[in-house]
Every structure is written in C-alpha cells, then in structure tokens.
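Please look over the notes below alongside the model, and check each point against the coordinates as you read.

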Amino acid sequence: LLTGVTGFIGKVMLEKFLRTFPVVGRIFVMIRAKKGSNTFERLKKEVIDSQCFDRIRAIRGADFDNYIASKLVTVNGDLTKPGLGLSREDHELVVSNVSVIINCAASVDFNLVLDQSIEINVRGTLRMYQLASELKQLDSFVHVSTAYVNCNRTGWVEEKVYPDIEDPEVVFNRLSAMTVEQLRKTDKDLI
C-alpha cells in the first residue's frame, strides 16, 4: 500500500516501482476521491498522466494503459479520518492482500496551523501504523517523512539520528491535551 502518490516523493516512488519491479503483482494506492471524480480518475489525472510516467509510457507503448490498470488498485482513504476513512470493503481488501505499507502521505505546508499539521502528519501516521498492525501478513512498514527533520538544529546537520531533546510521546500527549485555540496561540513558540 502506497500513500501520498499525489505528492512528489510518492509519485516518483510509484513510477519507480512500476518501471523497475514488473514482477510485483499489484500495488494498492490509497488516495482521496475528489468531488466529481473517483479515486482511479484522480490517480490517472494527477499522477499517471504526468510527465513522471513518460518513461514507462515509452517502454510499454500501446500496452501502457492496460499495464497500469492491471497493476494498480485504488482505495479511497483519508489520513485525517478515523479508520483512515476506508470503507469496510476497502479495509478488508487491504488487510487481506497487502504485506508492505509505504506511507509518504503528509502535509509539507509550512504555513499550516499546528493542530492541522498534527492531525495529518502525526495522527495520520498513527492511523497508518494501526492499519499495518491489522494486516494478515505484514512484511514491512515504511514511513517517509519530508519535513521538520532536526528542525531544532542550526548549521551543518549530519544525516544521522540525533538524540531526542524531549520524549516525543510526552510532547504529543501535551499537545493533544491543548485546545485548538491554545495550539494556535502558541504554535510559533512551540515550533
């Protein structure tokens, strides 16, 4: 299951998987439906029809659309909703057929208010982790974070895991106990 495919990293990962791992049976893609289009239509319009897929299009030629249709399964989901907003049918489909989850979904809007950022980037990831724990055969859960990594550091930041300044769970619990108004009044100080 791949999330975040309408974003840069998710889109590139999907293209790379389809181009370099043709033996993969199916790739489940969680994507939000938008008004006026279903999940596959949105995937096609915003992702598959993009220039990112020109290389596969050239390799596959006239078979491109059939290849994509045979490889991709879309499920309508939303990180901000309980149970990821999955229908009972989609939930069962994922739980029974998925063994790898790669979560690239996030908001990288630096102007997003803190409560919305927490909802998408923290609680959304926890919801994905909960789904992963329900899979009948989980081989791997990968979370890709694209923002706010070591944001408390200045100067040269090495590519390594630094010790936490504060226990992340304690921080999350403290922030979760605050009202939206409290978060919005203090978000600049908290970040």
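**Notes on the model**

1. Tyr 129 counts as exposed, at 53% relative accessibility, where buried means under 20% relative accessible area, exposed over 50% and partly exposed in between, computed with a 1.4 Å probe on protein chains only. The model is a predicted one, in which local features need pLDDT of at least 70 and side-chain atom pairs count only at pLDDT 80 or more, while totals for chains, interfaces and linings use all residues. Residues are numbered from 1 along each chain as its sequence is written, and side-chain values use heavy atoms, with hydrogens and water left out.

2. As to the overall architecture, the protein has eight helices and five strands, these being DSSP runs numbered from the N terminus (helices H or I of at least four residues, strands E of at least two). Read from the N terminus, the order of elements is β-α-β-α-α-α-β-α-β-α-β-α-α. The C-alpha trace spans about 55 × 40 × 35 Å along its principal axes, and 35% of the 191 residues count as buried. Among contacts with a separation of 6 or more, 73% come from residues 24 or more positions apart, a contact being heavy atoms within 4.5 Å.

3. Two packed helices are described by the angle between their axes and the distance between the axes. For helix H6 (residues 114-134) and helix H7 (residues 168-176) the angle is about 130° and the axes are 12 Å apart; axes are lines fitted to C-alpha atoms, for helices over the stretch in contact, and angles run from 0 to 180 degrees between N-to-C directions. H6 and H7 are therefore oblique to each other, since under 35 degrees counts as roughly parallel, over 145 as roughly antiparallel, 65 to 115 as roughly perpendicular and the rest as oblique. On the H6 side the contact is made by Leu 114, Ile 118, Val 122, Arg 123 and Leu 126, which meet Phe 172, Leu 175 and Ser 176 of H7. By class, the residues of this contact are six nonpolar, one polar and one charged (nonpolar: Ala, Val, Leu, Ile, Met, Phe, Trp, Tyr, Cys and Pro; charged: Asp, Glu, Lys and Arg; polar: the others, Gly among them).

4. Asp 115 also belongs to helix H6, and at 15% relative accessibility Asp 115 counts as buried. Not counting residues up to four places away in sequence, Asp 115 touches Val 180, Leu 183 and Arg 184.

5. The structure holds two aromatic pairs, where rings of Phe, Tyr and Trp (its six-membered ring) pair if their centres lie within 6.5 Å, and planes under 30 degrees apart count as stacked, over 60 as edge-to-face and the rest as tilted. Phe 17 and Phe 21 form a tilted pair, with 6.1 Å centre to centre and 40° between the planes; Phe 17 is partly exposed at 21%, and Phe 21 is partly exposed at 43%. Tyr 129 and Phe 141 form an edge-to-face pair, with 5.7 Å centre to centre and 85° between the planes. This pair links distant parts of the chain, with Tyr 129 in helix H6 and Phe 141 in strand E5 (residues 140-143), 12 residues apart. Phe 141 is partly exposed, at 25% relative accessibility.

6. Phe 53 lies in the loop between helix H2 (39-48) and helix H3 (54-60) and is buried at 0% relative accessibility. Phe 53 and Glu 15 are 38 residues apart in sequence and 6.2 Å apart in space, C-alpha to C-alpha. With neighbours within four places again left aside, the contacts of Phe 53 include Lys 11, Leu 14, Leu 18 and Phe 64.

7. Most residues other than glycine have a negative phi. Leu 84 has a positive phi, near 60°; this residue is found in the loop between strand E3 (72-76) and helix H5 (88-97), and counts as buried at 1% relative accessibility.

8. Lys 185, in helix H8 (residues 180-190), counts as exposed at 71% relative accessibility. Lys 185 and Ile 68 are 117 residues apart in sequence and 47 Å apart in space, C-alpha to C-alpha.
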